[in-house]
There are 2 protein chains.
Amino acid sequence: MSFNFSSSRPCRTHQVPNWDLETDVIVVGFGAAGACAAIEAAGAGAAVTLLEAASGHGGTSALSGGEIYLGGSGGTPAQRQAGFSDDTEDLFRYLMMAGGADADESKVRLYAENSLGHYEWLVAQGVKYKNTFLPEKMLEPVTDDCLIWSGSEEAWPFVEHAKPCPRGHTPQWTGWGGGRMLMDTLAARVETLGVEVRYDSRVLALIADEANHVHGVVVRIAGQICFARARNGVILCAGGFVMNRDMVKRHVPHLLRSDNPIGTPGDNGTGILLGMSVGGAAIHMGEAFLSLPFYAPESLVNGIFINERGQRFINEDCYHGRVGYHIMQQMGDRIYLLVDNATFQPPADFTRIQIAAAGETWEEVEGDLGLPEGTLVSTVALYNRHAADGSDPLFHKAAKWLKPLNEPPFVALDCRVDYALYPHFTLGGLDTLPTGEVLTEKREPIGGLYAAGRTACGLPRWGGGYSSGMSLADATFFGRQAGLHAAKARQQG
Amino acid sequence: MSFNFSSSRPCRTHQVPNWDLETDVIVVGFGAAGACAAIEAAGAGAAVTLLEAASGHGGTSALSGGEIYLGGSGGTPAQRQAGFSDDTEDLFRYLMMAGGADADESKVRLYAENSLGHYEWLVAQGVKYKNTFLPEKMLEPVTDDCLIWSGSEEAWPFVEHAKPCPRGHTPQWTGWGGGRMLMDTLAARVETLGVEVRYDSRVLALIADEANHVHGVVVRIAGQICFARARNGVILCAGGFVMNRDMVKRHVPHLLRSDNPIGTPGDNGTGILLGMSVGGAAIHMGEAFLSLPFYAPESLVNGIFINERGQRFINEDCYHGRVGYHIMQQMGDRIYLLVDNATFQPPADFTRIQIAAAGETWEEVEGDLGLPEGTLVSTVALYNRHAADGSDPLFHKAAKWLKPLNEPPFVALDCRVDYALYPHFTLGGLDTLPTGEVLTEKREPIGGLYAAGRTACGLPRWGGGYSSGMSLADATFFGRQAGLHAAKARQQG
């Protein structure tokens, strides 16, 4: 066969010599989104085939902490046990702000109203939560505890619009890496439900008719080209594109300032390209999560970030990913976190944040850093003056983190973009309805095609609003919607 | 015929009932890019049909000042007459910086080496230049003069990497609006060369074969659906997408902070969507030119911009579009330009920049603006202290613009994003080779399809680097390349 398959061009139905495989729903990718899509589609009675390019399940979800952003409807058991009630409207408002200028209100609404139900669904799949709360600011629990503050809920400007509540739910798993446990649990459910899972199966192209309705995929399974028919639909859950550095250069070039993409080789953009090949619109392709995970130790939140002009640019008590977003808005690579003797604690080794300068006066630190005379010093003076009154009129850092930095020695921690750890992944992807249906640029649904997880552009779509657990929340919940909807759909032959 | 034509889905060749029109090259859009493409294709002997959705030529190019960014090879007559020599490598380096992190080196190289030749070509088409130079900082000449500083050539950081030279060339035309004259001149050439021009002709879809090779367009001409065949190729020159506010929301949402798009109704993204419908990759869709045209009067360049935290964020002597770009990086809508009695001149009425506060001391101005105590005052104090020494260690504004702001009364000009004039247009578009060939996300050329002007992503692709005249330089020069290349191409039946 001379047809040269490409993820940027569909194979047409009339070019299919014969169907090597027929099923109701084909799910592409066995991360969290694909697993949840398969579980729901199979649970609704559809025959489901799950195609995974790697030799095992998990994808990038398995590399994560497994944290999921959950709440609303009064609160999850963990939230209630910790004494919080979480109003659906507060969750809604927080997620709308987190989505930025083009937040997807229909998805946010659906998620806010059903997030508690989603928690219960996860538990029903076998995911275990200890339902304990750790109040300190941290990346994720190193213990098997559950609930943490995983975003900017208590920080300006979010706190002014939505009553804060911790919403990061981590599975019961000692140490980091709960994502592997989450994925093993979901994968066990996939197996129980009789989903046909094919590993080492790389999807090469969609199969679509002239009207771009999708009827299946061309997939290479263990070296063999197969034409696989999906009577109901294809669900793309193949990750983002952070590992495709050419695509990153053309869509999110600022990410190339860091060498720390988070992903598997599968995050090469294939899922997005497949959707685009039949007219799917990829949106917010310039947005990403990019973080400087500078806490814990949380005492560093008492410090102040400055750029290479000695200027502050953020309330340091917001989520570390929001800090990273604003670091990228500064001109120049040099970023410092200023702390004094009372607030200094050594940052975690993996952050590669080191001491750039230390001195008995801020003038000395300014000089050692080679900053223009008076810049750092006037910034610290202004901060200290207001902090002494318990206020931060510039960035509204909460009073509990406001302590004048006046106890020598004074330290500047080196957070330079080209050296410190700035983990990142992409947030742009296919535009979809809450049902997972992929949309064209004119927002017309493409028949037979769904997407979820980072192949889609979902709840998280703005780097300045991301919070830990949002990507998995989006992937698991909207993966489910896609699976449910595809199971009910039935295409015209 | 039941087929529902859509710019997001090509019509397949086998669906074409008959060719209503056959030609070698079809050009879509009669702005500067389309005109130059048609001129070169016709000049090379091809039969050319130019389809324009509006009832006359011009597009957004005709709304502009007609300024084109030209230089290199020692300099244009205007540059040499003004005493400048312009080295090709300086032009190259400036354009590479202007393109940002993903500057297209192959296009920049071709343009830098052929920009002087392009000037001569424009003159040969009948475009007239007076070859006089106006050294003041301005948007464009109100006289019929030619050469101005139209970018950030003399400003940091550009000045450190490329020897500055003025490169904005405005046609000989009294008053603003030289773009209409430019377009009339090019349109006369199009007519002379025997190009078949069809107005009121809206392209509905591309016509492509199974492999996505493009063979023509479906076009509605005066209400009639026509299937138009392009034996050599289709060149999309249909503008950007700034007037499609839904697309803007999904790709460049920050532009919605301003009500001042620059464009015609044709800038609705159709050209880009048509290219995407056959697998063309749209890149840098989140980038835009967005400006605060605060000078002339150039004395305002002596002032300092502050955000709502009283912080500076830019060297005020850079191009006004670069100022606009950095204004968008600041948190909050409030932006002020601080001047003193010695430097104040009233801004142009159309900018809607008004006086927000005035006082005998900077403390008074700070208080009137309601800025946190000590913010504006410490920023001005730091600036004045260094300016007195002729230095600006924070942003490296050139010494000629550094005067301490110490002569009362002191004034804060109100440049708030939600009120002042922030004209803007989109820079994202189809990825193309220097030949104009449209590329897939994998950078494979799509047979029979070209793009130029703002339908493509060209020399200007980063808001922080834009300079006046770059969009027209790109549109005219790469429009020509597409026309030349398409004239030589010949498709397989």
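How much area do chain A and chain B bury between them? They bury about 4,500 Å², where buried area is the accessible area (1.4 Å probe) that two parts lose on being put together, summed over both. Of that area, 53% is on carbon and sulfur atoms.

## Basis

This is a predicted model, in which local features need pLDDT of at least 70, side-chain atom pairs count only at pLDDT 80 or more, and totals for chains, interfaces and linings use all residues. Residues are numbered from 1 along each chain as its sequence is written, chains are lettered from A and ligands numbered from 1 in the order in which they are written, and side-chain values use heavy atoms, with hydrogens and water left out.

## The interface

Chain A brings 51 residues to the contact, and chain B brings 51 residues. Contact means heavy atoms within 4.5 Å. On the chain A side, the residues split into 18 nonpolar, 17 polar and 16 charged. Here Ala, Val, Leu, Ile, Met, Phe, Trp, Tyr, Cys and Pro count as nonpolar, Asp, Glu, Lys and Arg as charged, and the others, Gly among them, as polar.

The rule finds nine salt bridges across this interface. A salt bridge is a side-chain nitrogen of Lys or Arg within 4 Å of a carboxyl oxygen of Asp or Glu. One of them joins Arg250(A) to Glu441(B), with the closest N and O atoms 3.2 Å apart. Helix H10 (375–387) of chain A is among the elements that supply at least two residues to this side. H10(A) gives the most, with five residues. Helices (H or I, at least four residues) and strands (E, at least two) are DSSP runs, numbered from the N terminus.

## Aromatic pairs

The whole structure holds 40 aromatic pairs over all chains. Rings of Phe, Tyr and Trp (its six-membered ring) pair if their centres lie within 6.5 Å; planes under 30 degrees apart count as stacked, over 60 as edge-to-face and the rest as tilted. Phe30(A) and Tyr199(A) have ring centres 6.2 Å apart and planes at 10°, so they are stacked. The pair ties together parts that are 169 residues apart in sequence. Phe30(A) is buried, at 1% relative accessibility, while Tyr199(A) is partly exposed, at 28%. Buried means under 20% relative accessible area, exposed over 50%, partly exposed in between (1.4 Å probe, protein chains only).

Phe84(A) and Trp149(A) pair edge-to-face, 5.6 Å centre to centre with 90° between the planes. Both are buried. Elsewhere, ring pairs link Phe289(A), Tyr319(A), Phe425(A) and Tyr466(A) into a cluster.
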